[in-house]
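Please keep the sequence and the coordinates open while reading.

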Amino acid sequence: MKTDFLNKIRVVPVVVIKELDDTIPTLSALCEGGLPVAEITFRTPCAAEAIALGVKEFPNMHIGAGTVINAAQAKRAVDAGASFIVSPGLSAEVAKVCKNADIPYFPGCATPAEIMQAIGLGITTVKFFPANIYGGFNAIKALSAPFPQVKFLPTGGVDLSNICEFLAFDQIVAVGGSFMMKGDIKENCKKLLEVISK
């Protein structure tokens, strides 16, 4: 399964690359800190270039695209070599691009209706976003009962203070966030892995 890396890594750093020159030092810091994964967001003009550069320079990293909101962005991400795509919401057109490219799509879903739509598209791992606004851990627990086949990737409001509670729950496959991207990325990643290994 192409989503198995989530089970192993458990944390998906949400990475904003503002300047292309920041790509290699940022991804190096994540790898050296023990987190060989990055969701590079399409919030900046150089996102696709950063993904392409990352894929070329870090062949052992899982490099995906985040904040993908339409088919055009999804195609650019696929062409750049993204190995997974994440959206803040659910887009059938993005799902189609990912299916054709045979890469995982993690759409943002916060309601039963959105989760049912995702299941209808053949998607069983969804981003729960923004987790802190939509009820956090308790909401995921409640949604897990009617949807036992769905795995969740909560993002938004997850940090060192609550990450262990999230990751201890069976239906949470991993968490996403940018909390490890502030300050010393390498040291933040090491500290984070220390916390979750306990």
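What covers the buried residues of α9? The cover includes β1 (11–15), α2 (23–32) and α8 (163–167). The model is a predicted one.

## Helix α9

Helix α9 comprises 13 residues, 185–197. At 1.5 Å a residue it should span 18 Å, and its end C-alpha atoms are 18 Å apart, so expectation and model agree. The buried residues in α9 are I185, C189 and L192. Seen down the axis of α9, the buried residues fall within an arc of 65 degrees, so they line one face of the helix.

At the start of α9, D184 places a side-chain oxygen within 3.3 Å of the backbone nitrogen of K186.

## Helix α3

Which residues of helix α3 (residues 47–57) are buried? They are A47, A48, A50, I51 and G54. Viewed down the axis of α3, these residues fall within an arc of 160 degrees and therefore line one face of the helix.

The elements that the buried residues of α3 pack against are α2, β2 (37–41), β3 (62–66) and α4 (71–80).

## The whole protein

The protein contains nine helices and eight strands. For 198 residues, a compact globule would have a radius of gyration near 16 Å; the protein has 16 Å, which agrees. Its C-alpha trace spans about 45 × 40 × 30 Å along the principal axes.

Of the 198 residues, 51% count as buried. Among contacts with a separation of 6 or more, 57% are between residues 24 or more positions apart. The protein exposes about 9200 Å², and carbon and sulfur atoms supply 54% of that area.

## T26 in helix α2

T26 lies in helix α2. Is T26 buried or exposed? Its relative accessible area is 13%, and the cut-off for buried is under 20%, so T26 is buried.

Leaving aside residues up to four places away in sequence, T26 touches V15, I17, M181 and I185. Of these, I185 is one of the buried residues of α9. T26 and L167 are 141 residues apart in sequence, and their C-alpha atoms are 25 Å apart in space.

## Two loop residues

D21 is found in the loop between β1 and α2. With a relative accessibility of 69% against a cut-off of over 50%, D21 counts as exposed. How far apart in space are D21 and C189, C-alpha to C-alpha? The distance is 21 Å, for a separation of 168 residues in sequence.

T67 is found in the loop between β3 and α4. Not counting residues up to four places away in sequence, T67 touches E39, T41, F42, R43, Q73, V86 and P88. With R43, the side chain of T67 makes a polar contact, side chain to side chain, at 3.3 Å. T67 and P88 are 21 residues apart in sequence and 5.8 Å apart in space, C-alpha to C-alpha.

Terms used: Residues are numbered from 1 along each chain as its sequence is written. This is a predicted model: local features need pLDDT of at least 70, side-chain atom pairs count only at pLDDT 80 or more; totals for chains, interfaces and linings use all residues. Side-chain values use heavy atoms; hydrogens and water are left out. Helices (H or I, at least four residues) and strands (E, at least two) are DSSP runs, numbered from the N terminus. The expected span of a helix is 1.5 Å times one less than its number of residues. Buried means under 20% relative accessible area, exposed over 50%, partly exposed in between (1.4 Å probe, protein chains only). The arc is that of the directions from the helix axis to the C-beta atoms. Contact means heavy atoms within 4.5 Å. A polar contact is a pair of N or O atoms within 3.5 Å; within protein, one must be able to donate a hydrogen and the other to accept it, and residues adjacent in sequence count only if both atoms are side-chain atoms. The radius of gyration is taken over C-alpha atoms; the globule rule is 2.2 Å times the number of residues to the power 0.38. Accessible areas come from the Shrake-Rupley method with a 1.4 Å probe; for residues, only the protein chains shown count as cover.
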